[in-house]
Amino acid sequence: MDRVPERDETPSEPRTRAPKEPRPEPLSEPLARTLGPATAKVLGEQLGLLTVGDLLHHYPRRYEERGRLTRLTDLPLDEDVTVVAQVADARVHTFNGGRGRRLEVTITDGSGQLQLVFFGRGVHKPHQDLLPGTRAMFAGKVSVFNRRLQLAHPSYAKLGGDDDALDVASWAGALIPIYPACKGMESWKIAKAVDAVLPRRTEVTDPLPPELREGRGFVPLPDALFQVHRPRTRADVEEARQRLKWDEAFVLQVALARRRLAEAQLPAVARRPAPGGILDAFDARLPFTLTEGQHKVTAEIFGDLATEHPMHRLLQGEVGSGKTLVALRAMLAVVGSGGQAALLAPTEVLAQQHHRSVVEMMGDLADGGRLGAPDGATRVVLLTGSMGAAARRAALLDLVTGEAGIVIGTHALIEDKVQFHDLGLVVVDEQHRFGVEQRDALRSKGKQPPHLLVMTATPIPRTVAMTVFGDLETSVLDQLPAGRSPIASHVVPARDKPHFLARAWERVREEVAKGHQAYVVCPRIGDEEDAPGGAKGGKGGKKDEEGAPEGPEPDKRPPLAVLEVAAELSRGALAGLRVEVLHGRMPPDDKDAVMRRFSAGEVDVLVATTVIEVGVNVPNATAMVIMDADRFGVSQLHQLRGRVGRGSAPGLCLLVTEAAEASPARARLGAVAATLDGFELSRIDLEQRREGDVLGQAQSGARSSLRVLAVIEDEEVIAAAREEAVRIVRADPELERAPGLRLALDALLDKEREQYLDKG
């Protein structure tokens, strides 16, 4: 549950007279009316909090404890304490020639004395408040300076002359909420803003049907909101978070259940492979047998294709598990039934690679319409944005006439000019690279909704699959084909042990001497367009089309670049070897030519960006050196590593880094080197990233609706919410008996959120 949009909603209680007047949802009121325009502007621009509802659902990240009341003579070092004492003395000292100010306050409780210190801008208010004789409570962490105990920048609350002992004890034991904050809006300011809107919590619409809330023993939503913002105890926090987690999981699962139900009711043409057709002919030529996993997944896909409702299936598999072969057999099944199949790839390099490998696997079965082609053969065409006009016209003609049974392409497939004779199956490769509009634009080219198969080589934990791809049935390929070799991975600490890097280049030479080939991967291209302003992109700098960071992070040198590294290696460590480069800004024909030469063994070492991350299949490539490996994500490193070890010779992946030994970056690389289990690595990856990124926030540009739900940790919550959602949607698809749930759903599915939800 997140933000309640501005919309009209019919009240759940019908009136007996006069037609109902639509009323705006109360929590959609802009924050400027409650907090004033200046505060509202910062909250909106910096944190995306626009309405009262947004702020109520901006939960604390954690809670600090002030500590128990402590006598000044019993103060423990390095612990949070709360003391009640009287100000004995307060003086401002200047330093740095008068530019710096420090307030020193001495307090006493009769048993001893303690010094408080405030610096800089934090001096003014306590200097006014803490006059000698003032009695107050002070809370902070005890430290030592010049052999004296002190509290630096403590929080405090002044007490009246007849202060209540109960109030003192409750203030001392209270939990202090720490909010996700930003420049110009510190946590304590957000807490003050929350105080202003917290009374409005009683107006919130509860999304849970009463029987569900009571059956699971959840506190009412207004109570949960109060407890999460102003808890008395840790138990309050836990009770509130359990309720709010459930709301987030449940509303999302209801949305996905309704989408699955709607998709299941669409009509589609059943696509059953014709006996003795192109699929049987293809299978008869395979030089190997399918793995048990490929047989199982194929049975699931073919079962879906045989129904008169569109298939919506996610095929996830480990790097090198044979997903492309499974997808090709599904496409041939559709072609054999008289339909066409389209494979959408995220880059031209990958589209060309897919086209090349499909044509090679099919042999003369891809020669449809040509002299001497076997019966039932079809044509496989490539369609990319950079094709010449004549080739493009020919490809478009083959599609509209039905001559081409299979088309493989990039975003060019989505353009209005592209028409199909009878589109029966859409295969989307590396789904996370595409938005929902692109996928649906291709699907809309069918006379009836085509079947959909989504592929990803990034292993997805079950909870993420239920959340992000919750509108898709899931098939998993986790078994590698026979003949695949293990990949040894090692971290190369280039700064600490430069001789390790020298040894890495020797290993590359040794592999080439055995007749094998190698990749060297760099985060950046390195041409003059790379990073405007002298490669000062920083964290917010632009990215190249492979998605790798281009500018340096603060206090770090710029990432290593393909063009520079290739030139240096050709002159030095790899002199005498055939070294070539590959990156996304090269003309398409040049990229294709380089890949063809590399595939043919005419290039020893390919220095590339992440353009080779997926789909590139050169079994003779056995070694990979990833430069600045700490600049890549865990899943990306696993994808890159999957380019080697694809043949009979063992693979070697060297992760070169200058990160310090004890740094999180080195720990991340150590995890990659320690396991080839993509599912384990994806868990590590997701635990280290923001949940919003997991849910495609970066792709859609929308804020994640998940605030307290953690898709990795809260598997039981998500699974239970999914069951309840399915039950409720089956019984009441339009949610007529659950108006609060319907309202929460509309909030989730506002314009920004549609992209986030529909990426499945």
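Helices, in this predicted model, are DSSP runs of H or I with at least four residues, and they are numbered from the N terminus.

**Exercise 1.** Find the helix in which Arg-666 has its place, and decide whether Arg-666 is buried or exposed.

*Solution.* Begin with the position: Arg-666 lies in helix α22, which covers residues 664-674. Next, take the relative accessible area of Arg-666, which is 14%, and compare it with the cut-off, since buried means under 20%. Arg-666 is therefore buried. Finally, look at the surroundings: leaving aside residues up to four places away in sequence, Arg-666 touches Val-491, Pro-493, Asp-496, Thr-657, Ala-659, Ala-660 and Glu-661.

**Exercise 2.** Determine how many residues of helix α8 are buried, and name elements that cover them.

*Solution.* Helix α8 runs over residues 221-229, and seven of its nine residues are buried, so that the helix is mostly covered. Among these buried residues are Leu-221, Pro-222 and His-229. The cover includes the helices α3, α6 and α9, together with the strands β3 and β10.

**Exercise 3.** Describe how α8 and α9 are arranged relative to each other.

*Solution.* Two packed helices are described by the angle between their axes and the distance between the axes. Here the axes of α8 and α9 come within 8 Å and cross at roughly 125°, which means that α8 is oblique to α9. The crossing is left-handed. As for the residues of this contact, six are nonpolar, one is polar and five are charged; on the α8 side they include Leu-225 and Gln-227, and on the α9 side they include Arg-241 and Leu-244.

Key: Residues are numbered from 1 along each chain as its sequence is written. This is a predicted model: local features need pLDDT of at least 70, side-chain atom pairs count only at pLDDT 80 or more; totals for chains, interfaces and linings use all residues. Side-chain values use heavy atoms; hydrogens and water are left out. Buried means under 20% relative accessible area, exposed over 50%, partly exposed in between (1.4 Å probe, protein chains only). Helices (H or I, at least four residues) and strands (E, at least two) are DSSP runs, numbered from the N terminus. Contact means heavy atoms within 4.5 Å. Axes are lines fitted to C-alpha atoms, for helices over the stretch in contact, and angles run from 0 to 180 degrees between N-to-C directions. Angles under 35 degrees count as roughly parallel, over 145 as roughly antiparallel, 65 to 115 as roughly perpendicular and the rest as oblique. A crossing is left-handed if the near helix is turned anticlockwise from the far one by less than a right angle, and right-handed if clockwise. Ala, Val, Leu, Ile, Met, Phe, Trp, Tyr, Cys and Pro count as nonpolar, Asp, Glu, Lys and Arg as charged, and the others, Gly among them, as polar.
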